[in-house]
Amino acid sequence: MNGLRTRLRPLDALAPSDIAAWESLACDAPAGIPALLPGMVQAAARWLTPDDPPVVLSVERGGELLALTCLQRRAPDLFVPLPHWRAYRHPHAFQSGILHRTGEAHAVAEAIAGLMRRGSWRERVIRWHCVAADSDMWKALRGAAGLHWMQTAASLRPVLRRHPADVPAAARVGAGVAKDLRRRLRRLQERGDVGLRILQGAQADAATAARHLALEHAGWKGTRGSSMQASAAERGFFLEATARLAAGGHLVFVETLCGDQVVASSSNLLCGRVLGGFKTGWDPAFAACSPGKLNEWHLLQALDTHWPALLMFDSQAQASSYLAELLPDRQPMVSGILHSGALHRAAILAARPLRPLAYRLGHDD
């Protein structure tokens with residue numbers, strides 16, 4: 001098909017040249033999917049899913065990598081009562097999908113559809129979580145011949161789209177929210193000079209990562225034992241992922257300072273022309289000033305000058321997040337089952353009434 005080749009390979013079978021091509025693809029992709037950055041996948045495979053490693057699905061033309069995603073093998077369950085693939089998932093994979101070159105969405109979709117139509121039983125089904133429903137890639141897959149879609153969930157994710165281009169990003173924050181943030185900023189300024197620090201590339205170093213972990217642990221997540229610092233595996237994942245991502249310029253730390261003290265920190269991931277939020281942390285001693293919200297507001301104010309080509313800031317958060325107050329736009333996200341073939345369609349439809357039981361049994365994790 002137009003000289004396209006699809007390949008399924010274990011992550012550890014990829015050569016350094018394959019990783020370099022993947023890195024190039026992640027920089028060029030029009031739709032950013034931070035969970036598919038190579039540094040993120042490599043660190044997650046080592047620390048978070050060592051017994052359930054990802055398999056890399058790639059689409060190539062003449063030796064050029066056009067698209068890539070990561071999958072996991074799944075046995076039959078109450079969602080899909082046949083062997084199938086699932087988009088690579090771990091606690092920090094807030095989105096799935098397919099990285100692809102600009103202008104290649106339809107060609108890639110047809111290549112993947114061809115694989116699913118002629119492949120083994122497993123290759124005829126892929127379960128996806130939190131896919132951008134309005135992306136060119138997803139529209140192309142939904143329209144590919146011989147593929148069927150069963151949606152299992154839908155949501156709206158808070159984002160800020162850079163449109164229109166002549167309106168500053170921070171100006172799109174609601175007037176009431178901005179007024180409250182200015183009030184909280186004055187309260188913080190009463191305690192010291194307030195500054196902003198953006199750290200990317202070599203500046204996003206191990207010391208910055210350690211400060212970020214400490215601030216995330218200092219709040220309610222630390223109290224509940226759900227912070228990354230509270231888990232050896234989570235901490236190992238974060239430190240390895242951030243080191244790998246910083247080397248490629250994908251990692252951005254944003255810090256708000258009061259005097260010489262860092263009172264809030266966020267980690268953000270740059271993939272293609274999308275900057276996605278990852279983790280946040282703040283000093284609870286300054287909680288009355290809402291330093292976490294101020295830190296995100298400061299980031300929005302810096303978008304235009306630091307990343308003028310950016311298309312979108314994606315919160316990577318749920319609609320109930322406090323970021324929903326700051327970000328004016330919403331991106332539709334869907335989860336579900338993409339499948340091919342009459343037998344698979346019949347089996348998946350037959351299993352549909354069992355979906356509530358499947359959720360209770362954790363078959364969607």
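Me: Which residues of α3 are buried?

Reply: In this predicted model, the buried residues of α3 are Ala 105, Ala 107, Val 108, Ala 109, Ala 111, Ile 112, Ala 113, Gly 114, Leu 115 and Met 116.

Me: What makes α3 "largely enclosed" by the rest of the structure?

Reply: A residue is called buried when its relative accessible area is under 20%, and ten of the 14 residues of α3 are buried, so the helix is described as largely enclosed by the rest of the structure.

Me: Why are Cys 70 and Cys 258 called buried?

Reply: The cut-off is under 20% relative accessible area; Cys 70 has a value of 1% and is buried, and Cys 258, at 7%, counts as buried too.

Me: What makes β9 and β10 a pair of strands, and in which sense do they run?

Reply: Two strands pair if at least two bridges are found between them, and strand β9 (residues 251-258) and β10 have eight bridges, in the antiparallel sense. Within this pairing, Glu 255 stands opposite Ser 265 in β10. The two strands form a hairpin with two residues between them, and Gly 259 in the turn has a positive phi of about 65 degrees.

Me: How is β10 joined to β11?

Reply: Eight bridges join β10 to strand β11 (residues 274-282), and the two run antiparallel, with Ser 267 opposite Lys 279 in β11. These strands also form a hairpin with two residues between them, where Gly 272 in the turn has a positive phi of about 65 degrees.

Me: Why is strand β10 described as largely enclosed?

Reply: Strand β10 (residues 261-271) has ten buried residues out of eleven, so the rest of the structure largely encloses it.

Me: What makes the contact between Arg 61 and Glu 104 a salt bridge?

Reply: The rule asks for a side-chain nitrogen of Lys or Arg within 4 Å of a carboxyl oxygen of Asp or Glu, and the N to O distance between the side chains of Arg 61 and Glu 104 is 3.0 Å, so the pair qualifies. The pair links distant parts of the chain, since Arg 61 is in strand β2 (residues 55-61) and Glu 104 is in the loop between β5 (99-100) and α3, 43 residues apart. By the salt-bridge rule, the count comes to 21.

Me: Are Arg 61 and Glu 104 buried or partly exposed?

Reply: Arg 61, at 27% relative accessibility, counts as partly exposed, whereas Glu 104, at 16%, counts as buried.

Me: Which parts of the chain does the salt bridge between Lys 293 and Glu 325 tie together?

Reply: The closest N and O atoms of Lys 293 and Glu 325 are 3.1 Å apart. Lys 293 lies in helix α9 (residues 291-306) and Glu 325 in helix α10 (residues 323-326), so the bridge ties together parts that are 32 residues apart in sequence. Glu 325 itself, at 45% relative accessibility, counts as partly exposed.

Key. Residues numbered from 1 in each chain as written. Predicted model: local features only at pLDDT ≥ 70, side-chain atom pairs only at ≥ 80, totals over all residues. Heavy atoms only, no water. Buried < 20%, exposed > 50% of the residue type's maximum accessible area, 1.4 Å probe, protein only. Helix = DSSP H or I, 4+ residues; strand = E, 2+ residues; numbered from the N terminus.
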